[in-house]
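Hi,

Here is the structure I promised to pass on.

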4 protein chains.
Amino acid sequence: MKTLIKVDTTASPESQDVLHNRWHPDIPMVATVKPGDEFRVECVDWTGGQIRDDDSAQDIHTVDLSKVHYLSGPIGVEGAEPGDLLVVDILDVGVLPESNWGFTGIFAKSNGGGFLDEHYPDARKACWNFSGVYANSRHIPGVEFAGIMHPGLIGCLPSQDLLDTWNRRETTLFDTDPDRVPTLACLPYADTAHMGRLTGDARDKAAAEGARTVPPREHGGNCDIKDLTRGSKVYFPVYVKGGGLSMGDIHFSQGDGEITFCGAIEMAGYLDIRVSLIKGGVEKYAVLNPIFETSPIKPEYGDYLMFEGISVDESGQQHFLDATVAYRQACLNAINYLKLFGYTGEQAYAILGTAPIEGRISGIVDVPNACATLALPTGIFDFDIKPNADGPSAFPMGGADLARAAG
Amino acid sequence: MKTLIKVDTTASPESQDVLHNRWHPDIPMVATVKPGDEFRVECVDWTGGQIRDDDSAQDIHTVDLSKVHYLSGPIGVEGAEPGDLLVVDILDVGVLPESNWGFTGIFAKSNGGGFLDEHYPDARKACWNFSGVYANSRHIPGVEFAGIMHPGLIGCLPSQDLLDTWNRRETTLFDTDPDRVPTLACLPYADTAHMGRLTGDARDKAAAEGARTVPPREHGGNCDIKDLTRGSKVYFPVYVKGGGLSMGDIHFSQGDGEITFCGAIEMAGYLDIRVSLIKGGVEKYAVLNPIFETSPIKPEYGDYLMFEGISVDESGQQHFLDATVAYRQACLNAINYLKLFGYTGEQAYAILGTAPIEGRISGIVDVPNACATLALPTGIFDFDIKPNADGPSAFPMGGADLARAAG
Amino acid sequence: MKTLIKVDTTASPESQDVLHNRWHPDIPMVATVKPGDEFRVECVDWTGGQIRDDDSAQDIHTVDLSKVHYLSGPIGVEGAEPGDLLVVDILDVGVLPESNWGFTGIFAKSNGGGFLDEHYPDARKACWNFSGVYANSRHIPGVEFAGIMHPGLIGCLPSQDLLDTWNRRETTLFDTDPDRVPTLACLPYADTAHMGRLTGDARDKAAAEGARTVPPREHGGNCDIKDLTRGSKVYFPVYVKGGGLSMGDIHFSQGDGEITFCGAIEMAGYLDIRVSLIKGGVEKYAVLNPIFETSPIKPEYGDYLMFEGISVDESGQQHFLDATVAYRQACLNAINYLKLFGYTGEQAYAILGTAPIEGRISGIVDVPNACATLALPTGIFDFDIKPNADGPSAFPMGGADLARAAG
Amino acid sequence: MKTLIKVDTTASPESQDVLHNRWHPDIPMVATVKPGDEFRVECVDWTGGQIRDDDSAQDIHTVDLSKVHYLSGPIGVEGAEPGDLLVVDILDVGVLPESNWGFTGIFAKSNGGGFLDEHYPDARKACWNFSGVYANSRHIPGVEFAGIMHPGLIGCLPSQDLLDTWNRRETTLFDTDPDRVPTLACLPYADTAHMGRLTGDARDKAAAEGARTVPPREHGGNCDIKDLTRGSKVYFPVYVKGGGLSMGDIHFSQGDGEITFCGAIEMAGYLDIRVSLIKGGVEKYAVLNPIFETSPIKPEYGDYLMFEGISVDESGQQHFLDATVAYRQACLNAINYLKLFGYTGEQAYAILGTAPIEGRISGIVDVPNACATLALPTGIFDFDIKPNADGPSAFPMGGADLARAAG
């Protein structure tokens with residue numbers, strides 16, 4: 001597999017012109033391929049190396065979240081035009097030999113937050129060792145699982161029109177509560193924009209309006225879909241000539257929802273890609289968001305323990321068919337359950353964020369309660385987590401826990 | 001398998017004292033079993049026979065939704081006490097020989113509504129034929145799938161305290177917009193309450209405060225979780241002496257979300273059940289909502305086409321991490337896709353509601369967009385639905401469509 | 001589902017003219033259907049009621065094996081002609097309400113034998129209770145599994161030419177060692193032949209040459225393929241006008257190989273069938289033996305313990321690429337393993353015959369040893385069967401064992 | 001992952017003392033590890049580089065089969081003693097960056113042979129390109145599948161006693177027909193023995209009696225079990241102090257049976273391994289041959305077309321419960337079927353040898369016919385291989401075929 005884009009995980013991402021951290025149609029292609037080509041794209045981890053493999057979460061606490069999601073690309077595809085579908089086979093995802101580890105962060109509510117930041121407001125960190133296809137962590141004993149490796153972030157460059165739409169609608173939301181922490185939306189921020197090979201005034205103009213990479217949008221982007229794993233085939237809408245495919249934020253594994261925010265197991269790595277085109281495919285297939293075909297090789301654990309949640313929040317307040325609230329309750333129920341086996345809440349929270357958890361919208365029409373379910377594979381634990389008449393026994397955790405930020 | 005509760009699908013549900021359609025601690029047990037017992041429970045369909053196997057949706061249009069969810073039970077379990085977990089093995093789910101069909105309704109926005117009622121406001125109906133483990137419909141050509149049979153509704157009687165909590169919190173929500181159609185919550189309504197064997201003043205008091213069966217709640221209830229299928233094992237909290245297990249609303253199949261409201265394939269049928277107890281299990285396992293173990297026999301289609309949705313609604317408005325909005329967009333994307341193969345929107349909507357669709361909360365932390373995915377098994381169609389360079393070909397539907405209400 | 005063929009499990013099979021127990025082209029059709037029809041076929045158990053639900057294996061010891069495999073049929077299909085493929089959807093397989101149990105026999109070496117009859121020469125019996133989709137046995141504690149229900153025996157009537165071929169080649173084999181016990185082949189035997197509605201001289205002629213039902217042959221027949229389960233679609237060659245589809249020997253479950261001879265869980269039951277035709281399909285698809293598409297609903301246990309066997313037999317003798325010997329060793333290895341947990345050899349043998357075991361020909365070219373594997377699903381046991389540092393613990397079997405024959 | 005054993009695929013295997021190609025207790029350990037250690041072992045391909053990535057099968061035709069199965073090892077494990085079980089987690093299997101291809105050989109009947117060498121007696125070759133997790137071949141259009149990577153050959157050194165047993169029993173078989181081609185067994189052959197770091201007289205003695213690596217035996221060895229894939233856990237008997245674990249013959253993929261002899265996709269590559277011990281485990285678990293736990297990540301194709309075979313051979317001769325003959329017929333049936341879509345017999349043969357085919361012993365007790373089944377995943381083809389009323393259409397193969405040996 002020929003390497004199309006090479007990165008240096010020891011250098012600053014800003015110094016590497018094959019990376020960028022904003023979405024803008026003017027970012028120049030860093031390489032060009034033909035339909036049918038197969039190639040390797042290396043990627044730095046989503047923080048561009050801000051996080052270390054150690055036992056302090058100080059780096060999570062102070063991470064600069066405007067300097068994240070350094071993407072490799074954009075890659076031009078010969079013949080790609082707006083309205084085409086760019087067909088991307090994710091042939092493989094792997095670890096860089098020099099970087100055989102990953103991390104999961106619970107972000108501080110004051111800097112990033114997460115799905116359960118009301119319950120877990122402080123920065124915490126778990127580091128993961130990769131044992132071939134398996135991940136395990138010195139910070140979370142008793143659990144090991146096969147990774148479902150995937151790019152958290154992948155998509156084509158937006159057109160100027162699409163970019164304008166994004167900025168308009170997100171600003172509208174932001175303006176409804178501009179002082180909220182965490183923020184309602186991440187608006188363009190030129191100071192830390194890395195616009196790839198764009199220079200001078202063109203760079204400055206693009207940096208000022210380039211969309212942040214945080215949310216998933218019509219082009220895909222930061223979808224954090226664990227099922228986009230190696231072996232899957234994705235159909236991306238093309239908005240600019242050449243397509244401009246960029247990717248990064250590789251995850252060794254992730255549970256549905258990526259609930260700790262940086263809930264996946266984050267890593268530097270590579271993606272092996274094959275591209276082709278369906279001319280005019282956006283209209284042919286009425287594609288608004290990317291669609292994809294699933295992979296024949298993903299972790300399959302046959303046996304699951306499932307937790308339910310309904311849209312009544314922790315305070316007892318009733319919400320109307322709110323799947324987000326319901327899934328939060330399912331998560332909290334699972335965390336409370338796992339704590340009975342000796343895990344701290346933070347450990348359990350991190351397990352749900354990283355292991356191949358299925359998070360489902362089970363019922364969404366029975367007013368006023370949405371019902372969400374969380375499926376926890378029982379086979380990932382070194383001990384039996386299923387209920388029995390005797391009740392749970394604590395597993396010897398040996399005092400291990402997620403790392404904390406200093407003082 | 002001995003039949004513990006027998007129903008008559010040709011008689012009115014009100015005339016059968018083994019049924020009830022409200023939740024209340026005072027409803028008398030209609031049968032008592034011992035831990036370890038296995039038994040069959042017959043159930044009427046959720047509307048108690050209001051819907052017919054014909055080609056008009058008039059019955060859907062005018063259905064009385066206060067007279068639904070006739071449950072078989074409650075069943076007392078010897079030795080069950082508040083705080084125990086009632087372990088329920090769903091050994092089998094099946095069709096009654098005299099009633100080998102089912103239906104799916106798109107409910108009128110003015111009477112029930114549904115997940116996409118802004119797009120599909122009118123009453124429509126599809127009838128389904130059961131060919132052994134498969135379902136097919138004269139109203140929706142070109143699709144046949146293996147059912148994932150399950151009770152839409154199952155759980156134990158609430159305590160008076162829990163009932164009071166339900167009524168309080170749902171009334172609070174209702175009062176925020178009491179005139180909304182569809183309603184924000186279904187409050188107690190004595191007129192059409194069927195309180196089983198409760199009579200006289202006790203019946204009237206209970207009917208006035210008995211919780212409606214519509215939403216899922218702490219005890220389980222109307223969860224509409226397709227994964228609660230035959231072969232699964234469920235742990236229900238017990239709130240009253242004897243437990244009082246009731247069940248009904250059997251589905252031949254359902255997609256995650258049950259999006260057309262009556263989106264499952266509804267049927268009369270039976271449940272084969274085995275019960276046991278974990279004494280004190282609620283505290284032992286910190287159970288708030290039921291938990292369950294999945295079944296080794298459920299439909300497994302290896303190949304899925306997945307649709308993404310983000311929390312930007314059809315009008316382009318930005319919502320904040322709203323999984324409900326995101327899943328709605330994934331559903332709309334899938335419907336638009338299926339229409340290219342010749343389906344009407346209503347047919348596509350009904351397919352998503354009934355087939356074994358996986359609806360996942362894929363990303364829920366990337367402000368401001370939640371990302372939901374909908375996985376459509378490709379093997380359920382008589383034709384190839386995967387994208388190719390030539391674009392989709394329409395399948396000959398022969399003019400079939402969902403039934404409509406009169407004039 | 002309309003019942004096309006009804007049986008009486010309390011009457012003698014000989015008295016029912018919708019049954020037959022030999023293969024012959026002249027057996028008259030007992031019913032006729034059209035392509036596209038769906039219908040139910042009831043079947044007696046393979047012994048026609050010779051075995052009882054009790055705690056003695058005397059019935060197994062003395063069973064008359066020339067009076068077995070009473071098949072329901074033959075069924076004529078309008079338009080079917082020699083050279084067509086008869087497409088059979090096995091829509092469902094189920095239990096008759098009056099007969100909710102099954103049995104597994106280890107047959108005496110002197111009367112039937114089995115795959116391991118050198119080790120287990122005596123008649124033994126296990127009776128099974130059906131708990132919905134699950135089977136369990138008072139004779140084999142600690143194990144319960146989801147059934148993979150299927151007809152052990154199904155196929156179309158042979159032509160006279162094909163029948164002659166069968167008789168010729170099996171007689172040739174038989175004649176190489178005519179006194180062997182168990183016999184090398186079961187040749188025609190008029191005395192106990194049940195030729196359905198055939199009467200008089202025609203009956204006598206056909207009885208004298210009708211092929212026994214024991215082996216699988218080109219038309220399918222007694223294949224005992226567990227994967228022919230409900231939800232599968234089978235393509236059968238047609239040899240006579242009308243096809244003449246017959247079926248029986250229903251199994252609630254079976255492991256690959258059906259190793260105890262009557263190794264499946266045998267039962268009376270019903271098959272729901274849909275038929276259609278591919279005209280000229282035998283030549284179009286070069287079909288010699290039936291082919292089939294697998295079912296989306298079969299038991300899926302994610303986790304297996306696998307045993308290997310090579311073609312060196314128990315005495316240490318080397319065989320040349322003999323998959324039969326290799327699989328026998330894999331079976332013996334698994335039995336020896338299960339005995340460490342408290343099972344008798346006979347119990348372990350019966351588990352391998354009945355549970356959804358995968359038996360694979362893993363390597364067949366590495367002279368002189370074939371390598372076969374046996375995959376045992378770990379989730380069917382009430383206890384953990386995987387190896388650990390402490391070694392196995394015996395499960396309390398309470399003295400239960402397979403029933404024995406008297407004296 | 002630290003590399004414990006490094007190989008040079010461009011050097012001759014004889015020149016590398018970390019390799020050996022015979023089994024003997026005296027071969028010195030080339031590295032020592034501790035229980036709990038994880039490490040990488042590089043391996044040359046099974047022919048030690050005799051086969052090239054080109055379009056001639058001359059190299060297959062003339063390959064020296066006494067110089068194959070160069071294994072990396074033996075590896076000593078601290079504390080391992082005879083009677084222990086060596087627990088080997090196969091953490092990962094992968095391709096060497098400098099060698100991103102593989103090959104499948106149909107071996108000449110006169111030099112190696114294969115399962116169907118009566119039908120396909122000539123040397124042929126297919127080369128495979130690895131596209132990430134997928135394999136495809138310029139010699140076999142229209143098919144691409146996810147690899148199930150595994151070591152074809154892995155196990156511990158035999159004791160002198162075990163070695164003597166092997167030699168004795170294989171010689172006995174060989175002597176029954178010493179001139180047979182292919183040979184009945186591969187006996188010790190000192191000329192081409194590579195005994196690792198053993199030198200001098202000790203080397204010569206060991207070379208003269210060292211067991212050839214061809215067959216699987218009690219210790220495992222050349223099992224060619226596709227399910228021993230990355231993510232699985234294997235329990236190997238230990239026969240000598242330190243264990244002496246050796247491995248090689250890596251397959252990118254293989255169908256059950258590895259029917260073309262070199263039927264897998266053969267490659268150089270690496271294995272990531274974790275070792276631990278169960279002291280006294282051989283007796284604790286009554287282990288004769290290795291046992292293993294399956295992997296949660298292996299290719300899962302949901303939909304299979306299954307072919308049956310019975311123990312009547314191509315000439316019409318009847319064999320007695322011979323699973324080998326039955327599986328051969330299932331293979332021939334599948335080959336004949338695939339030819340209708342445009343494949344040559346050799347292409348079809350190679351597909352069955354390499355793709356993730358399931359080969360099952362379905363019925364093994366119904367005298368005189370064994371029944372074997374071959375499950376072909378339909379999703380690996382670029383076209384629809386399932387039967388329909390119109391019959392098969394040939395796929396445009398563009399004249400591609402397996403490479404041939406020179407005139």
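The rotation in question is one of 180 degrees with 0.0 Å of shift along its axis, and it superposes chain D on chain B with an RMSD of 0.0 Å. (Copies are superposed by least squares on the C-alpha atoms of residues with pLDDT of at least 70 in both.) Both copies use the same surface, as 100% of the contact residues of chain D recur in chain B.

Before going on, a word on what you're looking at. This is a predicted model, where local features need pLDDT of at least 70 and side-chain atom pairs count only at pLDDT 80 or more, while totals for chains, interfaces and linings use all residues. Residues are numbered from 1 along each chain as its sequence is written, and chains are lettered from A and ligands numbered from 1 in the order in which they are written.

How many residues do chains D and B put into their contact? Five from chain D and five from chain B, counting two residues as in contact if their C-beta atoms, placed from the backbone, lie within 7 Å. On the chain D side, that's one nonpolar, two polar and two charged residues. (Ala, Val, Leu, Ile, Met, Phe, Trp, Tyr, Cys and Pro count as nonpolar, Asp, Glu, Lys and Arg as charged, and the others, Gly among them, as polar.)

Now for chains A and B. Their contact takes 85 residues from chain A and 85 residues from chain B. Strand β19 (residues 304–310) of chain A gives the largest share of the chain A side, seven residues. (Strands are DSSP runs of E, at least two residues, numbered from the N terminus.) By class, the chain A side divides into 46 nonpolar, 23 polar and 16 charged residues.

β19(A) also runs antiparallel to strand β18 (residues 291–293) of chain B, and three bridges join them. In one pairing, A:Leu305 has B:Glu293 as its bridge partner.

Chain A superposes on chain B by a rotation of 180 degrees with 0.0 Å of shift along its axis (RMSD 0.0 Å). That is the relation of a two-fold axis. A:Arg360 is the chain A residue that comes closest to this axis, at 2.2 Å (C-alpha).

Cheers

Definitions and conventions
Helix = DSSP H or I, 4+ residues; strand = E, 2+ residues; numbered from the N terminus. Pairing = 2+ DSSP bridges.
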